[in-house]
Amino acid sequence: MHPRDQTIFALSSGRPPSAIAIVRVSGPEAGPVLTALAGKTPPPRVATRALLRDASRQPIDDAMVLWFPHPASATGEDVVEFHVHGGRAVLAALFAALAAFDQVRAAEPGEFTRRAFENGKLDLTEAEGLDDLIHADTDRQRRQALRQLKGLLGDRARDWRAEIVEASALIEAGIDFSDESDVPAELIAPALAKVKILVAEIEEVLAAQGQSERLRDGLVVAIAGPPNVGKSTLMNQLARREVAIVSPHAGTTRDVIEVQLDLDGYPVTVIDTAGIRETDDPVEQEGVRRARARAAEADLVLWLTDNSNADISRHGRAPVWLVRNKIDLDETARPGAQDGQGAAAAFRISANRGDGVAELISVLVRFAQDYFGSSESGLISRARQRKLLEQTADSLRRSLDVADTGEELAAEELRAAVFSLGRLLGRVDVEDILDVIFREFCVGK
């Protein structure tokens, strides 16, 4: 039997131990498995209490079971959910009982969602939205992923595809009636008008400048500067916990340390780097090399200095903010921003006491707002989606350009546009990317 025709099972809730664990089973053997373990088949979609027993009739657990016959299930197949107590021993016994059935096996990562996709329960953009929802760290990421899961982009793509198919049908009808002089013009003109509207709509979506993709990936802020200026102390202040070792000795940080923050719903990765200086220590040299590389890749660099060193070293195109630390050692210094938020923004703080850190965070939030823009209405969340929409728009533009040359060429470009939208939705020629997408899912999803 092909692996896709086998029945699969997996833990679909959190890591044990837990109060309750949910084990999901999907496939043609789900019903017989339920009957064998629970001794009965409950009414569909009705939570039913049952004592689960293995093949030797030994009790496994007093559980709740749910039966979802196809096609009215999450995967489009017969699905069973066992709600059991979340101890490791209980789960081990249940897994052993499930694996003992013929043609029943443990699921691969993302296999439940892939079956839902293959059975038409969701398109590829919705599957990507589900993956983003699982991995969302902030509320804004959650809202964006939920919009994708609800089909925001997929619904628009299906509408566009239907419009293009209709326009293509008009043009091809004009080709069929080309021997009648007035018919082709009457058919092709409204088709081209429809295509112009579609190009404008897709270009409007593409003009969002990747803000939704940015929100999915997050903002990267690198803390850089010379050794022993308080970079790790500032890192701990931003994280509100001890994530980096603080020492009065220069060169303590040898590697890049990262922490994920939620700044007003915006995902921000803060990087603490090794102190940048010339050194003969090969380990520290590697730390400096990595520090320079990460600073060059960052979206914003906080260049930390103290009163002894205010030189800024640039290692990329990202804006650099000068942050003067250790103002607690200078009685005349006052915390706060000196020059606002621009490329030459400068701040005075005491990372040790926390003076000025709140003001710095406030400006970081405003920077994040500008960086991500208004992504609430964004449709695109992945580079794959953007690339295929760009291909669609290019094909539509070419169809307009070649319409005067020959209707056949215009019709061919419209077919290419339909094909690109089909790939976006995952309905044509996407086998090469399915494994890449679904293997990123959790087991049990």
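This note goes through a predicted model point by point.

1. Basis. Because the model is predicted, local features need pLDDT of at least 70 and side-chain atom pairs count only at pLDDT 80 or more, while totals for chains, interfaces and linings use all residues. Residues are numbered from 1 along each chain as its sequence is written, and side-chain values use heavy atoms, with hydrogens and water left out.

2. Overall make-up. The protein chain has 14 helices and 13 strands. Helices (H or I, at least four residues) and strands (E, at least two) are DSSP runs, numbered from the N terminus. Of its 445 residues, 49% count as buried. Buried means under 20% relative accessible area, exposed means over 50%, and partly exposed is in between (1.4 Å probe, protein chains only). Among contacts (heavy atoms within 4.5 Å) between residues at least 6 apart in sequence, 62% join residues at least 24 apart.

3. Helices H4 and H5. The axes of H4 (residues 124–134) and H5 (residues 139–149) come within 7 Å and cross at roughly 155°. Axes are lines fitted to C-alpha atoms, for helices over the stretch in contact, and angles run from 0 to 180 degrees between N-to-C directions. H4 and H5 are therefore roughly antiparallel to each other; angles over 145 degrees count as roughly antiparallel, under 35 as roughly parallel, 65 to 115 as roughly perpendicular and the rest as oblique.

4. The contact of H4 with H5. On the H4 side it is made by Thr125, Glu126, Gly129, Leu130, Asp132 and Leu133, and on the H5 side by Arg142, Ala145, Leu146, Gln148 and Leu149. These residues divide into five nonpolar, three polar and three charged. Ala, Val, Leu, Ile, Met, Phe, Trp, Tyr, Cys and Pro count as nonpolar, Asp, Glu, Lys and Arg as charged, and the others, Gly among them, as polar.

5. Burial of H4. Nine of the eleven residues of H4 are buried, so the helix is mostly covered. Charged residues are among the buried ones, including Glu126, Glu128, Asp131 and Asp132.

6. Helix H9. Eight of the nine residues of H9 (residues 231–239) are buried, so the helix is largely enclosed by the rest of the structure. Among them are Lys231, Leu234, Met235 and Leu238. The buried residues of H9 pack against strands E7 (219–224), E8 (257–263), E9 (266–272) and E10 (300–305), and against helix H11. H9 is followed by Arg240, whose phi is positive, near 60°.

7. Helix H11. At 1.5 Å a residue, the 16 residues of H11 (residues 357–372) should span 22 Å, and the end C-alpha atoms are 22 Å apart, which agrees. The expected span is 1.5 Å times one less than the number of residues. The buried residues of H11 include Val357, Leu360, Phe367 and Tyr371.

8. Backbone points to check by eye. Most residues other than glycine have a negative phi, and most peptide bonds are trans. The bond from Pro16 to Pro17 is cis, with omega near 0°, and Pro17 lies in the loop between strands E1 (7–11) and E2 (18–26). Another cis bond joins His70 and Pro71; Pro71 is in the loop between strands E4 (59–68) and E5 (79–86).

9. Arg45 has a phi near 60° and is partly exposed at 48% relative accessibility. Lys326 has a phi of about 65° and lies in the loop between strands E11 (320–324) and E12 (336–337).
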